[in-house]
Amino acid sequence: MMRHIISILMENESGALSRVAGLFSARGYNIESLTVAPTEDPSLSRMTLVTRGNDEIIEQITKQLNKLIDVVKLIDLADSFHIERELLMIKVKTTPEMRDEIRSMADIFRGKIIDVTPTTYIIEMTGPSEKLDAFIAAIDPESIIEAVRSGPTGISRGELGLHL
């Protein structure tokens, strides 16, 4: 089951998100992550949805999404060269002895310490999901207080794009 990032250009109307989520739940498909934000056109929003499925399932999902009245256009980023990124914010316990090691680890992974208390760091990091997974695996699990991830978002490379 391959992971697919589906970018959807949709009308910025109330209920649009509910209709997309309802389509997935009614058919028993899982949404791994979902982000929605307005575009440069205030009447449109861009939804980025991550799901898994074989070609037949993804084709069925895209056909059903295209039938929704709010959907203006969509693309499956897995079908083209694209760049994807994910945001991670992770809060870790620190001791005076561990602070340099954690700071060094954050630097190696090009993370940024965005909050410091006497006993914690909050580190912000963006990149491919695999990079964030590797950072989490490199940190002592006992030191992780909490982690928040946005889920992947993506954009097509070159001239291809999701626009009217």
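**Close-up views of a predicted model**

**View 1. Q64 in helix α2 of the predicted model.** Q64 is buried, with a relative accessible area of 14%. This value puts Q64 in the buried class because that class covers residues under 20% relative accessible area. The residue belongs to helix α2, which spans residues 55-67. When neighbours within four places in sequence are set aside, L23 and R27 are in contact with Q64.

View 2. The relative accessibility of I113 is 25%, so the residue counts as partly exposed; the partly exposed class lies between the buried limit of 20% and the exposed limit of 50%.

**View 3. I113 and E11, shown as a pair.** In sequence, 102 residues separate I113 and E11. Their C-alpha to C-alpha separation in space is 37 Å.

**View 4. A nonpolar surface patch containing M89.** The patch is formed by L87, M89, I114 and V148. Together these residues have about 290 Å² of accessible area. One of them, M89, is placed in strand β5, residues 82-93. M89 has 34% relative accessibility and therefore counts as partly exposed.

Terms used
Residues are numbered from 1 along each chain as its sequence is written. This is a predicted model: local features need pLDDT of at least 70, side-chain atom pairs count only at pLDDT 80 or more; totals for chains, interfaces and linings use all residues. Side-chain values use heavy atoms; hydrogens and water are left out. Patches are made of residues with over 30% relative accessible area and no salt bridge: like charges are joined within 9 Å, nonpolar side chains (Val, Leu, Ile, Met, Phe, Trp, Tyr) within 5 Å. Accessible areas come from the Shrake-Rupley method with a 1.4 Å probe; for residues, only the protein chains shown count as cover. A salt bridge is a side-chain nitrogen of Lys or Arg within 4 Å of a carboxyl oxygen of Asp or Glu. Helices (H or I, at least four residues) and strands (E, at least two) are DSSP runs, numbered from the N terminus. Buried means under 20% relative accessible area, exposed over 50%, partly exposed in between (1.4 Å probe, protein chains only). Contact means heavy atoms within 4.5 Å.
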